[in-house]
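Trainee: I have a structure to read and would like to go through it feature by feature. Could you take me from single residues up to whole chains?

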Amino acid sequence: MAIAPVKRIEVLLPKTELEGFVSYLQELGIAQLDPLPYEELQLASSPAEVADYERWLARINHVIQSLPETEPKKGLEKLLTPKPKYSASLRKVLLDYGYERVVEDYEELEAKRAQLFQNIKQIEREKEFLSPLAALKVPLSGLSGFDRCLLKIAEVKAEAFPGLKEQLADQPASISLISAEKNLTYVLIIYHQSLKEEVEAIFSGYKLNFISLEPYLPRLKGDEKVSDLLAGLEQQKAQAGAEISQLEKDMAGLAVHRSPLMAVYDVLLNEQQKLAGVSLAGLTEKTAWLAGWVPAAQADYLAQRVSQFSPNIYLNLREPKPEERDEAPVILDNPQLIKPFEVITSLYGLPRPGSIDPTIYLAPFFFVFVGLCLSEGGYGLVMSLLSLFYIKKAEPKGGTRQFMLLLFYLGISNMIFGTLFGGWFGFPIKPLVLMDPIADPIPYLILSLALGFIQVMLSTFLSLVRDFKKGNKVTAIAVKGGWLLLLPSLLFYFLLKQPPILGILALIGTAGIVFFSSSSRNIFARFFSGLYALYGITSYFSDTLSYSRLLALGLSTGVIAMVVNSLVQIAWGFPIVGWIIGILIFAGGHLFNLAIGLLGGFVHSMRLQFVEFFGRFYEAGGKPFQPVKLVNKYIEFIR
Amino acid sequence: MSLGLTLAILGAALAVFVAGIGSAIGIGIAGQAASGVMTEDPSKFGIILPLGALAGTQGIYGFLSGFLVILKLGLLGGQVAEPTVQQGLQIMFACFPVAFAGLVSGIHQGKVCASGIYMVAKQPKDMTKPLVMAALVETYAVLGLLATVLLLNGIKL
């Protein structure tokens, strides 16, 4: 119903038992540890080990991510599979799994594979270099030149080739074409040494790129040609490819280790978290001191479990001192039925310790508002069924579960308000429809504003409670009470034009606001700043009007649903394929409308809570309760 | 077809395409931001999508108002109404709030969504806060829609 009370815990224990105790607290998962507020005590720290865990976690995670799953699951199925469960007591056993070997083996295979990929790239480059010369029918050993003649292989632009050939024709030189590509030709040129300079002068005019096969010469065994070299490279490449697939097979063979590694990952993650918890302790030579918080409801349970755990541990439970109160973590405590709405409160930010938990007050309004914004029974049914299905199948925990339950509620809300004010998939159930906002939006508008007025009045009342608790009792009752008296009586007086008692009540309320808003002792200052406070009525007015959005959003879903149905009707008329197109439009259109409508309805209903409702009374700034507990990424620990 | 009917249809068209332009620009801005963030981290698609889509509502409100005019005129089937020139002008003016509030708020909502997307890129846990910020802008499109609906409701043919 409110913010749950918490108790301060202080624990004194032998240093030797510190790690084991924090590990035990993780399993209990009900106590939060804070850094010790005594600076003279040395804080425990073990950064080396933390970094060590960090590295192992990264390495294991990499292996898990790259190993194929033993039973591959696709999209939806994956989403709907709960995390595998392991008993928390198995944690130590899992560490003996020999994960280091698996990870090292895998990394070794990976490194080999990377090397092979590198080799293949190199082979590809050589092939690219050699392949234009494949047409050379001469053994490479014969290309190194002759006694009197020089021999050059060169690359020349295709358009330059005829000119080059013509110029060389006048010289004692021969040029022959090896191969031609789109823009390039590869040529073999032989010329006499005595005319070296003249011939090479011609070369410089044609921008020849000389190709040297020198590096290949030492590798030759006999009379290989370029095509033999290429065949050799091809063979090497095939061999590397075969080795890679063998390596990948070996890597895939490690996939059996995938799920144990997932468990090991989570165990190590918790070991790391444990060290983080240990580092919060203050240390003397032989003792460790921990401080933190526990929910008051679980304090006795904690004490009992701690005494069972070890006789050497001293646990002190006490009420927080006044100066500690603002530091206390905030736990929202609401009945099961209301709990999912805590999601909304937490989204805004938790209330300050000692202030009002708004969850129970916003829950009914949020429930109704989303229903009014969508007002679609069919969509509600879909939402409820899908969220229930997800909860049953994927067994989500914590926040996700609460959010799914919230969606389930909102689905129910839509089934109710969809029947009363809208329809099911765009078809109204006529005898049950109370009002039809498309035919006559005015009653719906009045309903929206009325709900808004009620919530604005509730927020004023809660601000009265808040101020009253804070001590300025007279001001709280006179001013906030004044508004609570003034606004409803004013409203009804205008609506009914009678009875006169309403006018009198309004005047009393006004008097309260005018004379108590300011704390000034000067009667004139007090009166005029009081008058100015009356100007605040505009904020009540605009806040209430803001709720008119419920009508607009409610209309939009209904009308789009109608549009979808009329499109279906048109498509149905097409010959032969009409019904297929019709069904596709029906499913797609309504799904789109559901998504957009829910997004709008949710966000706007939330905004009404955050801006219009919270504005008057809510004090945010609470810190969430973060107990040391078993965290999990891949698996779930159970007791 | 009478001038009155033509003017009314002009109103419906304005509601749809002027508000639609607002949404198109707004979603365009938000979409660019979303793609930018996803080049760094494609896994954020899910949490970014609502922010990317939110600026689309103005176009829907415009379309919805246009549809209400079409219904009012009986253009979908049955007897087509014959509004006078005065009534046609009334319907056209009634479409202005949703059209122009949608145009401007759509663009600005897109900008708010884009910066929200940048925020979510750094603080993935806080995705609802930028959604609420964007909803603050959308309020005026909603009010525009509301005015159009109420005005249309008030015009008797």
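Predicted model: local features only at pLDDT ≥ 70, side-chain atom pairs only at ≥ 80, totals over all residues.

Trainee: Is B:V69 buried or exposed?

Mentor: The way to tell is to count C-beta atoms within 10 Å, where 20 or more means buried. B:V69 has 25 others within 10 Å, so the residue is buried.

Trainee: Which residues does B:V69 touch?

Mentor: Leave aside residues up to four places away in sequence; B:V69 then touches B:A8, B:G11, B:A12, B:I91, B:C95 and B:L152.

Trainee: What does the secondary structure of chain A come to?

Mentor: For chain A the count is 21 helices and 16 strands. Buried residues are 32% of its 639 residues. Among its contacts with a separation of 6 or more, 79% join residues 24 or more positions apart.

Trainee: Into which domains is chain A divided?

Mentor: The division gives domain 1 (2-94 + 255-330), domain 2 (138-224) and domain 3 (359-617). The C-alpha centres of domain 1 and domain 3 of chain A are 42 Å apart. For a pair of residues, take A:Q167 and A:L283, which are 116 residues apart in sequence and 93 Å apart in space, C-alpha to C-alpha. A:Q167 is in helix α6 of chain A, residues 161-169, and counts as partly exposed because it has 17 C-beta neighbours inside 10 Å.

Trainee: Where in chain A is confidence lowest, and where is it highest?

Mentor: Start with the average: chain A has a mean pLDDT of 86, and 97% of the residues score at least 70. Confidence in chain A is lowest in strand β4 (residues 42-43), with a mean of 64, and highest in helix α12 (residues 359-374), at 94.

Trainee: How far apart are the end C-alpha atoms of helix α17 of chain A?

Mentor: A helix length can be checked against its residue count. At 1.5 Å a residue, the 17 residues of α17 in chain A (500-516) should span 24 Å; the end C-alpha atoms are 25 Å apart, which agrees. The buried residues of α17(A) are A:A506, A:G509, A:T510, A:G512, A:I513, A:V514 and A:F516. What covers them includes α16 (473-496) and α18 (523-534) of chain A.

Trainee: What is the phi of A:S375?

Mentor: Most residues other than glycine have a negative phi. A:S375 is not a glycine, yet has a positive phi of about 40 degrees. A:S375 sits in the loop between α12 and α13 (377-394) of chain A, and is buried because 30 other C-beta atoms are within 10 Å. A:I576 also has a positive phi, near 60 degrees, and is likewise a residue other than glycine. A:I576 is in the loop between α20 and α21 of chain A. With 6 other C-beta atoms within 10 Å, A:I576 is exposed.

Trainee: How many residues of chain A are in contact with chain B?

Mentor: The contact involves 21 residues of chain A and 23 residues of chain B. On the chain A side, the elements giving two or more residues are α20 (549-572) and α21 (578-617). α20(A) gives the most, with 10 residues. By type, the chain A side divides into 14 nonpolar, five polar and two charged residues.

Key
Residues numbered from 1 in each chain as written. Chains lettered and ligands numbered in written order. Helix = DSSP H or I, 4+ residues; strand = E, 2+ residues; numbered from the N terminus. Expected span 1.5 Å × (residues − 1). Buried ≥ 20, exposed ≤ 12 C-beta atoms within 10 Å, placed from the backbone. Contact = placed C-beta atoms within 7 Å. Nonpolar A, V, L, I, M, F, W, Y, C, P; charged D, E, K, R; others polar. Domains from an automatic or database assignment. pLDDT = per-residue confidence, 0-100.
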